[in-house]
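Colleague: Hello! Could you walk me through this one, with the cut-offs spelled out as we go?

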Amino acid sequence: MLRLAIQKSGRLSEDSLQLIRECGIHFLSSSHKLKTEATNFPLEILFLRDDDIPGYVRDGVADLGIVGQNVLVEAGCSQLEVEGLGFSKCRLSLAVPRGDAYAGVADLQGKAIATSYPNILGAYLAGEGVQAQLHTISGSVEIAPSIGLAEAICDIVSSGSTLLGNGLREVETVFRSEAVLIAQPHLTPEQADLLAQLRLRMQAVRRAKRSKYIVLNAPLAALEDVKKLLPGIKSPTVTPLAEAGWVSVQSVVQEDEFWHLTAQLQAVGAEGILVLPIEKIIA
Ligand code: PRT
Ligand code: ZN
């Protein structure tokens, strides 16, 4: 049995639950429950505040957790990280009032900076040789300059609209974060085996999300060019069409290369290009 801690309600909750579901694990979830048990995998899910997750996993109260790297590193628990999960991407950035002059991080020397991340920020400033007064506050960090509490802030940024709306300008990226899977260091051999199974499923889901299945028609004469553009997992599937001199080619492509590739395929003579989502890829 494995106990997995995820955020009860917040930005990580829905994506964490969805990832578990996409791994084919079924469970009953209700917003009032603090824990639930999967029906088809030896997994218990605990719903917690995100800030409590690193400590619970470090102490073995939970075996696994899903948490933002920002929270993990701030808690001094980065050694628990198993792998990045690719969602809840954000950055921890320094920002100053829009009208203030700023030429570089040295300008923060001796300044008051408000943040909820004193450990990550402290390490960053030490690395830059800057000494500042850190004011640790747990929320609404972005209003600190306007109420005279600080001359700069260091907070999580995603789209940047919160900074903009508070008259602030992002000046340095201190740390880049995403949701990560973490594990306690003393798993039993049976639990380590379950974790390996779970990671295999998570990786299959992630690989599939990054890939698309592509089907196209091409004249036989263009087949060599098309094959060069579509290496596939092993090699593309090629089947003859009913019309002589034409083939259908099927392969897997990376989502981020897709538009570029489509133009190249059309240039060598491909037609009728279909693109389909993939549910899982077991490499
Ligand atoms: O209640 P609990 O303690 O569990 O949750 P929480 O309120 O502490 O955390 P929550 O749910 O807000 O965030 C959980 C995790 O999501 C964070 O630790 C990050 O890893 C990640 N994440 C991703 C974010 C954001 N994007 C984000 N935009 N966390 C916070 N924000 C906030 C930020 O603090 C700022 O107020 O959103 C605002 C900035 O957003 P933009 O889009 O305006 O730049
Ligand atoms: Zn929190």
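Modeller: Gladly! Let me start with burial: under 20% relative accessible area is buried, over 50% is exposed, and in between is partly exposed, using a 1.4 Å probe and protein chains only. This is a predicted model, where local features need pLDDT of at least 70 and side-chain atom pairs pLDDT 80 or more, while totals for chains, interfaces and linings use all residues. Residues count from 1 along each chain as written, chains are lettered from A and ligands numbered from 1 in written order, and side-chain values use heavy atoms, without hydrogens or water.

Colleague: Is Asp-51 buried, partly exposed or exposed?

Modeller: Asp-51 has a relative accessibility of 44%. That value lies between the two limits, 20% and 50%. Asp-51 is therefore partly exposed.

Colleague: Which residues are the protein donors of the zinc ion (ligand 2)?

Modeller: Donors are N, O and S atoms within 2.8 Å of the metal (3.2 Å for Na, K and Ca), and sites may look incomplete as water is not among the atoms. The protein donors lie 2.0 to 2.1 Å from the zinc ion, through OD atoms. They are Asp-50 and Asp-51.

Colleague: What is the arrangement of the four donor atoms around that zinc ion?

Modeller: Four donors are tetrahedral if all angles lie between 85 and 135 degrees; four are square planar, and six octahedral, if opposite donors are over 155 degrees apart and all others between 65 and 115; anything else is irregular. Here the angles run from 76 to 172°. The arrangement is therefore irregular.

Colleague: How many bridges join strand 7 to strand 8?

Modeller: Strand 7 covers residues 112–115 and runs parallel to strand 8. The number of bridges joining the two strands is four.

Colleague: Is Ile-53 buried or exposed?

Modeller: Ile-53 sits in helix 2 (residues 53–58). Beyond four places in sequence, Ile-53 touches residues including Leu-48, Ile-66 and Ile-182, where contact means heavy atoms within 4.5 Å. With a relative accessible area of 0%, Ile-53 is buried.

Notes. Pairing = 2+ DSSP bridges.
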